[in-house]
Amino acid sequence: MNYQQIIRNVYSDILQKENKGKVPDYIPEIACIDESKFGVNFTDLDLNTFGCGDFEEKFSIQSISKVFALSFVYEKLGEKLWERVDVEPSGNAFNSLIQLEADHGIPRNPFINAGALVICDILLEISENPKEELLHFIRDLSEDHQIFFNEKVASSEMENSFRNAAMCNFMKSFGNIKNQPDAVIELYCHLCSIEMTCKQLSNSFLYLANGGKKPSSNKQFLSYSKAKRINAILLTCGFYDESGEFSFLVGLPGKSGVGGGIVAILPQKYCIAVWSPRLNEKGNSYRGMKFLEEFTTQTGESIF
Ligand code: DON
């Protein structure tokens with residue numbers, strides 16, 4: 001399979017088509033991004049890697065960081081984790097509060113905001129320095145130390161965190177948040193503010209394509225079974241209330257973020273990261289979705 005050629009062709013096709021969607025305006029630091037940015041990077045399990053366009057430019061990974069946080073906490077806590085967060089698709093927007101009352105403060109899954117807030121609460125419980133430890137974990141996964149929080153993005157999110165604060169307080173009333181909501185939100189906003197390139201992302205997510213093990217070092221970051229389960233949740237919940245559509249069109253587990261990034265994985269083969277800041281009405285990158293749909297169509301490969 002000539003992945004490089006297919007990626008080049010699909011990239012130039014998509015570039016010529018109209019770029020639709022909107023950059024989110026609720027995080028001022030992100031609202032001013034250049035909307036024409038477009039990058040793709042592919043890395044396979046033999047560590048062949050190549051990119052197109054703005055693949056070496058950093059952007060705000062936003063909710064993609066929820067996958068790193070989940071991996072870190074799941075490895076430490078094991079199956080007990082699922083007492084505090086479920087594994088069902090929510091069918092609702094990422095920042096929706098609507099199901100929390102009926103579900104007694106247990107979020108539907110770890111990739112909606114409520115779920116990620118519970119993961120952050122657990123991080124605060126199990127780690128002395130959760131921000132540093134998580135950053136260290138991500139740097140280890142990507143084998144690259146040039147990964148940082150963007151303090152401006154984190155502060156601007158904290159100033160606009162009214163919905164997340166509502167969720168956190170509501171879950172605390174059910175006993176599913178143990179720390180002070182302000183501390184949980186501070187950690188959550190920092191996770192969202194992490195900046196990475198498509199190249200760093202496709203390298204760092206290889207552990208999920210390889211049963212929890214980094215192919216470069218053979219270091220086991222997660223057990224095979226835990227990696228399998230995270231991929232399953234990515235497939236069913238990685239794109240908020242568009243998870244069914246992404247699975248239908250692309251056929252790969254993946255995760256998006258409102259910074260315009262998408263990471264997708266073909267287990268046993270590769271990981272691909274795409275970035276284009278304009279989002280569709282569900283909050284997923286318009287060009288990112290189009291690119292991946294066309295990519296799996298032309299390669300004729302998906303998990304199905
Ligand atoms: O919590 C927020 O509003 C955003 N920073 C969430 C980021 C995102 O990508 C959407 N997520 N689930």
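1. A nitrogen atom of the ligand lies 2.7 Å from an N or O atom in the side chain of Lys66, which falls under the term polar contact (a pair of N or O atoms within 3.5 Å; within protein, one must be able to donate a hydrogen and the other to accept it, and residues adjacent in sequence count only if both atoms are side-chain atoms). Taken alone, the ligand exposes 340 Å², of which the protein buries 98%; accessible areas here come from the Shrake-Rupley method with a 1.4 Å probe, and for residues only the protein chains shown count as cover.

2. The model is predicted, so that local features need pLDDT of at least 70 and side-chain atom pairs count only at pLDDT 80 or more, while totals for chains, interfaces and linings use all residues. Residues are numbered from 1 along each chain as its sequence is written, and side-chain values use heavy atoms, with hydrogens and water left out.

3. Two further polar pairs involve oxygen atoms of the ligand: a polar side-chain atom of Tyr26 lies 2.8 Å from one such oxygen, and a polar backbone atom of Val258 is 2.7 Å from a ligand oxygen.

4. The ligand has 14 residues around it, of which Gln62, Ser63, Lys66, Glu157 and Tyr188 come nearest; a residue is counted as near if one of its heavy atoms lies within 4 Å. This shell divides into 7 nonpolar, 5 polar and 2 charged residues, where Ala, Val, Leu, Ile, Met, Phe, Trp, Tyr, Cys and Pro count as nonpolar, Asp, Glu, Lys and Arg as charged, and the others, Gly among them, as polar.

5. Ile147 sits in the loop between helix H5 (130–142) and helix H6 (151–159), and this residue is buried, with a relative accessible area of 0% (buried means under 20%, exposed over 50%, partly exposed in between, with a 1.4 Å probe and protein chains only). Leaving aside residues up to four places away in sequence, Ile147 touches several others, including Lys58, Leu135, Ile194 and Met196, a contact being heavy atoms within 4.5 Å. Glu195 is 48 residues from Ile147 in sequence, yet their C-alpha atoms are 6.5 Å apart.

6. As to the chain overall, it holds 13 helices and 7 strands, defined as DSSP runs numbered from the N terminus (helices H or I, at least four residues; strands E, at least two). Buried residues make up 57% of the 304 residues, and the C-alpha trace spans about 55 × 40 × 35 Å along its principal axes.
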